[in-house]
Amino acid sequence: MADKDLIRQYKDTIVELTKEKEENFKTIKDKDLRIKKILIELEQANDDIQSMGRKINDLEIKLNKKQDLSKKIDKVLSEQSEKKVSDSVDMDEKFWYRFCHVK
């Protein structure tokens, strides 16, 4: 009887260990799938960050060009304003000269 009990326990142990092994393989497979999914998400996030970095760089270049253009426009407007003031002063001097000398 002892041999039959040992054989039955041995078979039960084999069945239990086989089930445990299958559960462990399933757990490992599930974890591998989650890891792969996380790695894909991480790669996508890195791609997004690199893309945003390029877009930011492009926008900074455009901003610098616009700021340079704005400075040039301000300079031209300032020069034109100074020229108008200078011309106006010249006209006033001519007017007063003519006004004072015409009698």
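**Notebook: salt bridges and surface patches**

I searched the whole structure for salt bridges and found 2, taking as a salt bridge a side-chain nitrogen of Lys or Arg within 4 Å of a carboxyl oxygen of Asp or Glu. I note that this is a predicted model, in which local features need pLDDT of at least 70 and side-chain atom pairs count only at pLDDT 80 or more, while totals for chains, interfaces and linings use all residues. Residues are numbered from 1 along each chain as its sequence is written, and side-chain values use heavy atoms, with hydrogens and water left out.

**Overall fold**

I looked up the secondary structure and found 1 helix and 0 strands in the chain; helices (H or I, at least four residues) and strands (E, at least two) are DSSP runs numbered from the N terminus. Helix α1 covers residues 2–101. Of the 103 residues of the chain, 0% count as buried, where buried means under 20% relative accessible area, exposed over 50% and partly exposed in between (1.4 Å probe, protein chains only).

**The salt bridges**

I then took the pair Arg-8 and Asp-5, whose closest N and O atoms are 2.5 Å apart. Both residues lie in helix α1, 3 residues apart, about one turn of the helix. Arg-8 is partly exposed at 48% relative accessible area, and Asp-5 is also partly exposed, at 28%.

For Asp-30 and Lys-26 I noted a closest N–O distance of 3.2 Å. These two are separated by about one helical turn because they stand 4 residues apart in helix α1. Asp-30 is partly exposed at 35%, whereas Lys-26, at 52%, is exposed.

**The patches**

I looked for patches, which are made of residues with over 30% relative accessible area and no salt bridge, like charges being joined within 9 Å and nonpolar side chains (Val, Leu, Ile, Met, Phe, Trp, Tyr) within 5 Å. Ile-35, Leu-39 and Leu-42 form a nonpolar patch with about 280 Å² of accessible area together. Leu-39 lies in helix α1 and is partly exposed, at 45%.

A patch of negative charge gathers Asp-12, Glu-16, Glu-20, Glu-22 and Glu-23 on the surface. Here Asp and Glu count as negative and Lys and Arg as positive, with His and the chain ends not counted, and a charge is placed at NZ of Lys, CZ of Arg, CG of Asp or CD of Glu. Asp-12 lies in helix α1 and is partly exposed, at 39%.

Conventions:
Areas by Shrake-Rupley, 256 points an atom, 1.4 Å probe, with all protein chains shown as cover.
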